[in-house]
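Biologist: Could you take one part of this model and look at it closely, giving the cut-off behind each term as you go? I would then like to follow your account from there to the other sites that you consider well described.

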Amino acid sequence: MSETIRVFAGDCTTTFEGARARTQRGRVAIVVKPDRTVLVHDADGYQPVAWLTRPDSLTVETDEGGFGLLARAGEQVLRVVSHESSGWVEYPVTEAGVPVGSHPETGDPLVRAGGAVRGLDTGVRYPLPAGATVLDDTCDDCGLPKIRAEAGDAFELCLDRACESLDEAVRERFDREWTCPECGSDLRIIRRGGRLLAGCDAYPDCETAFAIPAGVVVDECDCGLPVFETARGRRCLDGTCERFER
Ligand SMILES: [Zn+2]
Ligand SMILES: [Zn+2]
Ligand SMILES: [Zn+2]
């Protein structure tokens, strides 16, 4: 998991070929991110004097005399060659996220970023259900933060699915609660294709299935299915329901 940022510094000539073709010389610091993005910074302002975002290729050469970088993205070429090198270093980096406490066993700082909570040092990763919030409370069993997730009802659960499962909580609350509008069988709470669904009990004879939206049930639709209050407003469990009145 360990990604790194490399930083090179020195008196360099920077040449950019492409839409913004230009050549510059000065004492600069070059930042190379884990996705190969190259940023050349001089003394002024926040903006790099030259950059190439996620180039197709990046070649880095270093020897006692200095360093050279060559990045290519289609027609665009960024070249940085040192005349006199101040040196180069490599640092471990992670995605930065909102801090949400620490791991109860390892003490690893936990941050929320990109739909998951991650441990900065161990790389442990807990995916979050859509629209979930991380609470200040911690789990009585394992000490990890608790989360609040909506899937028909609001559930407060452990961050770790292995400790406390949202699927199970939803199943306990809504399994066989609703009726298939096509055939009248019960709708079962199932996970298929990575999604939590209310799917017809007569499957595979009846293939009716609805993804359970992130929201709470507040009403019943004319079609008999529940109405969900979601972040984007009210909707029928069947997102394409023609009988749902806004
Ligand atoms: Zn737990
Ligand atoms: Zn059915
Ligand atoms: Zn409906």
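Modeller: His 103 is in contact with Asp 108, Leu 110, Tyr 126 and Leu 144 once its neighbours within four places in sequence are left aside, where contact means heavy atoms within 4.5 Å. The histidine sits in the loop between β8 (98–102) and β9 (109–113); strands (E, at least two residues) and helices (H or I, at least four) are DSSP runs numbered from the N terminus. Its relative accessible area is 12%, so His 103 counts as buried, the classes being buried under 20%, exposed over 50% and partly exposed in between, with a 1.4 Å probe and protein chains only.

This is a predicted model, in which local features need pLDDT of at least 70 and side-chain atom pairs count only at pLDDT 80 or more, while totals for chains, interfaces and linings use all residues. Residues are numbered from 1 along each chain as its sequence is written, chains are lettered from A and ligands numbered from 1 in the order in which they are written, and side-chain values use heavy atoms, with hydrogens and water left out.

Turning to the metals, the zinc ion (ligand 3) is coordinated by the SG atoms of Cys 221, Cys 223, Cys 236 and Cys 241 at 2.3 to 2.4 Å; donors are N, O and S atoms within 2.8 Å of the metal (3.2 Å for Na, K and Ca), and because water is not among the atoms, sites may look incomplete. The four donor atoms subtend angles of 102 to 113°, which makes the arrangement around the zinc ion (ligand 3) tetrahedral. Along the chain, the donors of the zinc ion (ligand 3) follow the spacing C-x1-C-x12-C-x4-C. Cys 223 lies in the loop between β18 (215–220) and β19 (226–230) and Cys 236 in strand β20 (residues 233–236), so this pair ties together parts that are 13 residues apart in sequence. Cys 223 is partly exposed at 22% relative accessibility, whereas Cys 236 is buried at 2%.

Cys 183 is partly exposed at 39%, while Cys 200 is buried at 4%.

The structure also holds 13 salt bridges, each being a side-chain nitrogen of Lys or Arg within 4 Å of a carboxyl oxygen of Asp or Glu. In one of them the closest N and O atoms of Arg 79 and Glu 17 are 3.3 Å apart, and the pair links strand β7 (residues 76–93), which holds Arg 79, to strand β1 (residues 3–17), which holds Glu 17, across 62 residues. Strand β7 also carries Glu 84, whose partner Arg 27 lies in strand β2 (residues 22–32), 57 residues apart, with 2.6 Å between the closest N and O atoms of this salt bridge.

Note on methods
Tetrahedral: all angles 85-135°; square planar, octahedral: opposite > 155°, others 65-115°.
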